[in-house]
Amino acid sequence: MTMAKPVVTSSSLPPQSGLHNRISSTDFIDCFSVASDVRPRRAAEIITSFPGWARFLLIVRRVVTAPFGLSADGPEAPDKVGPFPVEAETEAELIAGFDDKHLNFRVSVFSRDGRVSLATWVHPHNFGGRIYLKAILPFHILIARDALRRVARAREEPVASGT
């Protein structure tokens, strides 16, 4: 018996998300969600454990953007998920990302009521940031949808007890 493919849907940013206070009329925001009870930290770890094809795309991005001085792995930070510094974390949401020369971006991983949402907010600084966003958008959507399918297939790992 084969397992049904998880259904990832385009959705609205959850009303409780900390990203709401960042959004202006010129910003990009998208959000996808999937049925899952995985907590935000665990979901973010799954999301940033990129499969081989996505790692290849990130290598291509690194090579193409290196001459422009764009960050390849994000800035150093005491707490990161994948290459992204964690900015805020609550029981329901983890927000990570950073500001770069061409744009600022944050991702929100929000988990509540049996759904995990992955939202991406981008604030381009200039023409280069807008061009970059348009160029990567198709790949971003593929990676986000694949990431949430992987989250849906995961099961929350039990928390180790001290006994």
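## Basis of the values

Because the model is predicted, local features need pLDDT of at least 70 and side-chain atom pairs count only at pLDDT 80 or more, while totals for chains, interfaces and linings use all residues. Residues are numbered from 1 along each chain as its sequence is written, and side-chain values use heavy atoms, with hydrogens and water left out.

## Nonpolar cores

A nonpolar core is a set of buried Ala, Val, Leu, Ile, Met, Phe, Trp, Tyr and Cys residues joined through side-chain atoms within 4.5 Å. Buried means under 20% relative accessible area, exposed means over 50%, and partly exposed lies in between (1.4 Å probe, protein chains only). The largest such core has 30 residues, and those with the most contacts inside it are Phe-105, Val-109, Leu-118, Leu-148 and Val-151. Two or more residues each come from β2 (28-35), α1 (40-47), β4 (84-89), β5 (93-99), β6 (103-112), β7 (115-124) and α3 (127-153). Helix α3 gives the most, with 7 residues. Helices (H or I, at least four residues) and strands (E, at least two) are DSSP runs numbered from the N terminus.

Contact means heavy atoms within 4.5 Å. Not counting residues up to four places away in sequence, Val-109 touches Pro-40, Ala-43, Ala-44, Ile-47, Ala-92, Glu-93, Leu-94, Val-116, Ser-117 and Leu-118. Another core, of 6 residues, lies apart from the largest one; Leu-13, Leu-19, Ile-95 and Ala-119 are among its members.

## Salt bridges

A salt bridge is a side-chain nitrogen of Lys or Arg within 4 Å of a carboxyl oxygen of Asp or Glu. The whole structure holds 6 salt bridges. One of them joins Arg-22 to Glu-87, with the closest N and O atoms 2.3 Å apart. Arg-22 lies in the loop between β1 (9-10) and β2 and Glu-87 in strand β4, so this pair ties together parts that are 65 residues apart in sequence. Arg-22 is partly exposed at 25% relative accessibility, and Glu-87 is also partly exposed, at 39%.

Glu-87 also meets Arg-106 in a salt bridge (2.6 Å, N to O). This pair links strand β4 with strand β6, across 19 residues of sequence. Arg-106 is buried, with a relative accessible area of 6%. Arg-106 forms a further salt bridge with Asp-99, where the closest N and O atoms are 3.0 Å apart; Asp-99 is partly exposed at 46%.

## Surface patch

Trp-53, Phe-139 and Leu-142 form a nonpolar patch on the surface, with about 310 Å² of accessible area together. Such patches are made of residues with over 30% relative accessible area and no salt bridge, with nonpolar side chains (Val, Leu, Ile, Met, Phe, Trp, Tyr) joined within 5 Å and like charges within 9 Å. Accessible areas come from the Shrake-Rupley method with a 1.4 Å probe, and for residues only the protein chains shown count as cover. Phe-139 is found in helix α3 and is partly exposed, at 40%.

## A loop contact

Gly-114 sits in the loop between β6 and β7 and is partly exposed, at 38% relative accessibility. Leaving aside neighbours within four places in sequence, Gly-114 is in contact with Val-34, Ala-35 and Ser-36. Gly-114 and Ser-36 are 78 residues apart in sequence and 5.1 Å apart in space, C-alpha to C-alpha.
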